Amino acid sequence: MSCIPKHTQTLRARGYRMTPQRLSILQALHEGGHLSPGQVYERTRATGMTETTVYRTLEFLAENGVVNPTQIGGGHLTYEFGRT
């Protein structure tokens, strides 16, 4: 079952919209679990999203508790759904 509707409500409650970019990134994370920003970009670039947009959107989603950044071995950063 998808967590996306719950995260959509979380953002709306905070006064933000669920943009196509945010939705695309959340769908990529839902399908793939722990993904690096590069992996998220690879999964979303067919939508026309730029790598910069992926990084900015992941940062926004992390600031709002929708996704959690996690450091893995070698200092690599991955993202997963948050607990919001």
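I began with the contacts (heavy atoms within 4.5 Å), and found that 45% of those in the protein between residues at least 6 apart in sequence join residues at least 24 apart. I note that this is a predicted model, in which local features need pLDDT of at least 70 and side-chain atom pairs count only at pLDDT 80 or more, while totals for chains, interfaces and linings use all residues. Residues are numbered from 1 along each chain as its sequence is written, and side-chain values use heavy atoms, with hydrogens and water left out.

I next looked up the elements, taking helices as DSSP runs of H or I of at least four residues and strands as runs of E of at least two, numbered from the N terminus. The protein has four helices and two strands, in the order α-α-α-α-β-β from the N terminus on.

For burial, I counted a residue as buried under 20% relative accessible area, with a 1.4 Å probe and protein chains only; buried residues make up 37% of the 84 residues.

Of its 19 residues, Ile25, Leu26, Leu29 and Leu61 touch the most other members. Helix H1 (4-13), helix H2 (20-32), helix H3 (37-44), helix H4 (51-63) and strand S2 (76-81) each give two or more residues to this core.

Last, I followed Leu26, which touches Ile4, His7, Met18, Leu61, Val66, Val67 and Phe81, leaving aside residues up to four places away in sequence.

Methods: Buried < 20%, exposed > 50% of the residue type's maximum accessible area, 1.4 Å probe, protein only. Core = buried A, V, L, I, M, F, W, Y, C linked by side-chain atoms within 4.5 Å.
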